[in-house]
Amino acid sequence: MSGRKKLRSIHLAGTIWFMLCAGYILVLELWQARVRWWVIFSLSGHSALLIFLLISLYLFAIFRGVVRSQKIEVEHPLTSTSHYMAFYTAAPFLGGLAGCLGMAGEDHAGQFLFGIALATFGTTFFVWVVVDPVAGLLEMLLPASRRRRLERLARAKAEREKQRKDSERLLADVLAKEEVGQRRWQEVLKPQAEKLAELLVTDGSDLKQAEHEAVDMGLNAWQLGGMGCMRQLHDMAMAISKQKSQNKAVIDHISVWWDGIGSWRNPSFG
């Protein structure tokens with residue numbers, strides 16, 4: 001087992017031991033205050049979910065600290081060392097050991113356990129809540145740590161800027177290719193668009209034949225460039241038809257004729 005895995009295992013065991021001691025202190029104090037047992041267990045039950053969430057969040061935080069990368073470690077010359085992490089994760093057990101030594105002459109089992117639990121709670125709280133934040137703050141105030149942090153943030157900003165420019169360049173390339181494709185399609189589709197515009201004004205007797213011709217054009221457009229090509233042909237035909245009819249209302253038969261070709265769907269049926 002690697003050193004980091006050992007630290008994670010020790011920290012998990014230490015956190016469990018710490019919570020057991022805290023729970024023992026809570027239950028003992030409530031019992032000494034003459035609170036009924038069903039109230040004690042009810043209180044503990046309602047607090048179980050909150051305690052579990054807090055432990056999960058804390059374990060995630062320490063896991064991030066244990067596996068922090070080398071570029072972060074240079075900003076924390078003390079708290080990132082293996083000796084400090086071992087001291088940090090073993091704090092509950094060190095507190096328990098101190099409690100055992102302090103209560104060595106106690107004959108009453110309940111008081112002996114209470115002393116161990118209290119020492120565990122106090123030591124762990126002091127190390128995790130007081131010592132560690134203060135040590136981290138002092139590290140960040142060191143000139144070398146501040147300089148390295150600024151360098152890391154500058155590199156991260158430069159990397160984000162590079163990614164942004166790469167994304168913009170990729171988007172510009174895609175748009176340029178799409179524009180070239182549309183211009184190429186416009187030249188190829190112009191004769192079909194004019195023919196399709198003529199089919200829109202076909203009278204009722206030739207409507208079936210007009211539909212067959214329009215479907216063939218739609219299939220050709222789909223095979224040429226998919227949905228984008230079909231949409232461009234549709235728009236070109238509608239524009240030509242409106243221009244010839246002097247912008248009068250033109251019924252869009254094309255959307256009905258093409259319904260089911262490729263991924264084309266008639267909006268009226270959507």
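**Exercise 1.** Classify Lys195 by its relative accessible area, then find its salt-bridge partner.

*Solution.* Lys195 has a relative accessible area of 35%, so it is partly exposed. The classes are buried under 20%, exposed over 50%, and partly exposed in between (1.4 Å probe, protein chains only). The model is predicted: local features need pLDDT of at least 70, side-chain atom pairs count only at pLDDT 80 or more, and totals for chains, interfaces and linings use all residues. Residues are numbered from 1 along each chain as its sequence is written, and side-chain values use heavy atoms, with hydrogens and water left out.

Next, the partner. Lys195 forms a salt bridge (a side-chain nitrogen of Lys or Arg within 4 Å of a carboxyl oxygen of Asp or Glu) with Glu213. Their closest N and O atoms are 3.7 Å apart. The pair links distant parts of the chain, 18 residues apart: Lys195 sits in helix H7 and Glu213 in helix H8 (residues 207-244). Helices are DSSP runs of H or I with at least four residues, numbered from the N terminus. Glu213, at 24%, is also partly exposed.

**Exercise 2.** Which residue forms a salt bridge with Arg164, and how far apart are the closest N and O atoms?

*Solution.* The partner is Glu168, at 2.5 Å. Both residues lie in H7 (residues 143-200), four residues apart, about one turn of the helix. An α-helix has 3.6 residues a turn, so residues three or four places apart point the same way.

**Exercise 3.** Is Ser255 buried or exposed?

*Solution.* Ser255 has 4% relative accessibility, so it counts as buried. It lies in helix H9 (residues 253-257).

Note on methods. Helices (H or I, at least four residues) and strands (E, at least two) are DSSP runs, numbered from the N terminus.
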